[in-house]
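Biologist: I have the file open and would like to go through it with you. Can we take it topic by topic?

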Amino acid sequence: MKTLIFKDIDDLIIGSLGIVAFISFFVGGVVTIQTALNISNPLIPKYLVGFATRQSVILEFAPTFISIIMAGKVGSFITSSIGTMRVTEQIDALEVMGINAINYLVFPKFVALMLYPFVISIAMFLGIIGGLAACVYGGFSTVEDYIIGIQTDFIPFHVTYAFIKTIVFAFVLATIPSFHGYFMKGGALEVGKASTTSFVWTSVVIILLNYILTQMLLS
């Protein structure tokens, strides 16, 4: 079981860091550019660029947007790997040997995704750094103004709120794709259909839970 957990951590968490880092850095830069270009009034202070980037990245982009991307990458991987085992009757073989197949296949993925907040913390950090890079190389505001904006009116609970959402989304990423993979029927073609269906439902549930959690925690 320990070997399976470490394998899933490598596949689901470490294997996702590259795409998460790339997307976070450049989306942080885009948010900064969009904000700076829309603040044309000279009476509006330049430090609001950093403030807006911080709020966008921490509250919504890192926990929610990255989770939807991960529903495509991680969710499809989980569904297809378990679904392939169902199609090739490996799950039936496990049950014949007296092994609890759900515990054997799903539990390691569930444990691995409990490290998902680590991925989101990297997304937050790189999103803000990407915004800083866009400020410096685009000349939209000074580094000092951007850093002042990041520090202005910082509410620590916003980070807590983001990580509460992240843990809930990690549970969704572990369960819905596993369900669609484990209970699928058919052949190889149906594995692809199950992966698509699990991505759609995972994304829908993440968006709905995002609305509900925001209403509960921030209103």
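Biologist: For contacts between residues at least 6 apart in sequence, what share joins residues at least 24 apart?
Modeller: In the protein chain, that share is 85%. Bear in mind that this is a predicted model.

Biologist: How many helices and strands?
Modeller: The chain has 10 helices and 0 strands. Read from the N terminus, the order of elements is α-α-α-α-α-α-α-α-α-α.

Biologist: What box do the C-alpha atoms fill?
Modeller: Roughly 70 × 30 × 30 Å, along the principal axes.

Biologist: And what percentage of the residues is buried?
Modeller: 42% of the 219 residues count as buried.

Biologist: Which residues have the most contacts inside the largest nonpolar core?
Modeller: Ile 66, Met 70, Ile 82, Ile 91, Leu 113, Tyr 116 and Leu 173, in a core of 44 residues. At least two core residues come from each of α1 (2–13), α2 (17–38), α3 (48–87), α4 (90–96), α5 (101–105), α7 (116–138) and α9 (156–182).

Biologist: Which helix gives the most?
Modeller: α3, with 12 residues.

Biologist: Take Leu 173. What is it in contact with, leaving aside neighbours within four places in sequence?
Modeller: Leu 173 is in contact with Ser 67, Met 70, Ala 71, Ile 78, Leu 113, Tyr 116, Thr 202 and Ile 206. Of these partners, Met 70, Leu 113 and Tyr 116 are also on the list of core residues with the most contacts.

Biologist: Switching to helix packing. How do α2 and α7 cross?
Modeller: Their axes come within 6 Å and cross at roughly 40°. An angle under 35 degrees would count as roughly parallel, and α2 and α7 are therefore oblique to each other.

Biologist: Left-handed or right-handed?
Modeller: The crossing of α2 and α7 is right-handed.

Biologist: Which residues meet there?
Modeller: From α2, they include Leu 17, Ala 21, Phe 25, Gly 28 and Gly 29. Among those they meet in α7 are Phe 118, Ile 122, Leu 126, Gly 130 and Ala 134.

Biologist: How many of the contact residues are nonpolar, polar or charged?
Modeller: The contact of α2 with α7 has 14 nonpolar, 7 polar and no charged residues.

Biologist: Now backbone angles. What is phi of Glu 89?
Modeller: Near 65°, which is a positive value in a residue other than glycine. Glu 89 is in the loop between α3 and α4.

Biologist: Why does Glu 89 count as exposed?
Modeller: Because its relative accessibility is 52%, and exposed means over 50%.

Biologist: And where is Asp 153?
Modeller: Asp 153 is in the loop between α8 (143–151) and α9. Its phi is near 50°, again positive in a residue other than glycine. Asp 153 counts as exposed, at 59% relative accessibility.

Note on methods
Residues are numbered from 1 along each chain as its sequence is written. This is a predicted model: local features need pLDDT of at least 70, side-chain atom pairs count only at pLDDT 80 or more; totals for chains, interfaces and linings use all residues. Side-chain values use heavy atoms; hydrogens and water are left out. A nonpolar core is a set of buried Ala, Val, Leu, Ile, Met, Phe, Trp, Tyr and Cys residues joined through side-chain atoms within 4.5 Å. Buried means under 20% relative accessible area, exposed over 50%, partly exposed in between (1.4 Å probe, protein chains only). Helices (H or I, at least four residues) and strands (E, at least two) are DSSP runs, numbered from the N terminus. Contact means heavy atoms within 4.5 Å. Axes are lines fitted to C-alpha atoms, for helices over the stretch in contact, and angles run from 0 to 180 degrees between N-to-C directions. Angles under 35 degrees count as roughly parallel, over 145 as roughly antiparallel, 65 to 115 as roughly perpendicular and the rest as oblique. A crossing is left-handed if the near helix is turned anticlockwise from the far one by less than a right angle, and right-handed if clockwise. Ala, Val, Leu, Ile, Met, Phe, Trp, Tyr, Cys and Pro count as nonpolar, Asp, Glu, Lys and Arg as charged, and the others, Gly among them, as polar.
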